[in-house]
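Please read the points below with the model open beside you. They go from the whole chain to single residues.

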Amino acid sequence: MAALPDSIRPRALPIAAAASTSPTRPASPGDSGMSLVNIAARQRMLSQRMVLQTVLAARGSDLHMKAARTSLKLFIDSQAKLVDTPRHLDAVGADIVRTAYQGAQGVGSTIDAFAQQVGTVLDLAERHSPRTEEALGKLVETTDAVLDALNTATTAFDQVSKAQSERLMKELASIVASIQTVAREAKVVSFNAQVMAARAGQHGREFAVVANVLSGITHEIDGLSLQAVSLAGRSRGAA
């Protein structure tokens, strides 16, 4: 296989290896604000755009040559970010991502090979090499396999996202339950305080004011707890 052009040669390592050697790699500007699931899904669309741009670049379009190189850089940077995510996930999520890319049926090598093929075709096209058409044909033939690989990766990140959402919902439910327990205990204290204030008559007037304020606070806590439960239910339904 021909060497990748200078403009992308620093990325010629397999994507997984590039990620491991640059643990602090910043996110690509094109990834700003996007979730991992959305980045993974975008890779599918980007792969098809790259194939089309590369075909047109091989036909002599300088405009599409530049566009293809830009797309390739974004693809590789984003893929490195995705492969690097296990460092930032819990054990379960990290295992899902690693298995998707590096397991027995892992898709990492397929995605790496695709990115390198694109770079090779662009390199050959720039040199007007007679091998361009052959390399381009092989690239086009990989389209279905690459889409399947990227779909597998997207599914993995979707699983991680759902698992994280479910865990957060459980934590929220636990917090709400604790708040409700405290609210019930506060209501008992408030009721007892009101009874004691009534028995104390005139001397218990200030104590009664405090008890009433405490009762009002517990009612507000009840309202906030109900809102939190409702929000958790809507979030779970949208997941």
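**Notes on the chain**

1. Contacts along the chain. Of the contacts in the chain with a separation of 6 or more, 75% are between residues 24 or more positions apart; contact means heavy atoms within 4.5 Å. This is a predicted model, in which local features need pLDDT of at least 70, side-chain atom pairs count only at pLDDT 80 or more, and totals for chains, interfaces and linings use all residues. Residues are numbered from 1 along each chain as its sequence is written, and side-chain values use heavy atoms, with hydrogens and water left out.

2. Elements. The chain has eight helices and zero strands, so its order from the N terminus on is α-α-α-α-α-α-α-α. Helices (H or I, at least four residues) and strands (E, at least two) are DSSP runs, numbered from the N terminus.

3. Surface. The chain has 239 residues, and 37% of them count as buried. Buried means under 20% relative accessible area, exposed over 50%, and partly exposed in between (1.4 Å probe, protein chains only). The accessible surface of the chain is about 13700 Å², with 59% of that belonging to carbon and sulfur atoms; such areas come from the Shrake-Rupley method with a 1.4 Å probe, and for residues only the protein chains shown count as cover.

4. Helices α3 and α4. At what angle do α3 and α4 pack? Helix α3 (residues 62–84) and helix α4 (residues 91–102) pack at about 130 degrees, and their axes are 9 Å apart. Axes are lines fitted to C-alpha atoms, for helices over the stretch in contact, and angles run from 0 to 180 degrees between N-to-C directions. The two helices α3 and α4 are therefore oblique to each other. Angles under 35 degrees count as roughly parallel, over 145 as roughly antiparallel, 65 to 115 as roughly perpendicular and the rest as oblique.

5. An aromatic pair. The structure holds two aromatic pairs. One of them joins phenylalanine 75 and phenylalanine 114, edge-to-face, at 5.7 Å centre to centre with 70 degrees between the planes. Rings of Phe, Tyr and Trp (its six-membered ring) pair if their centres lie within 6.5 Å; planes under 30 degrees apart count as stacked, over 60 as edge-to-face and the rest as tilted. Phenylalanine 75 is in helix α3 and phenylalanine 114 in helix α5 (residues 108–126), 39 residues apart, so the pair links distant parts of the chain. Both phenylalanine 75 and phenylalanine 114 are buried.

6. Histidine 219. This residue is found in helix α8 (residues 205–238). Histidine 219 is exposed, because its relative accessible area is 52%.
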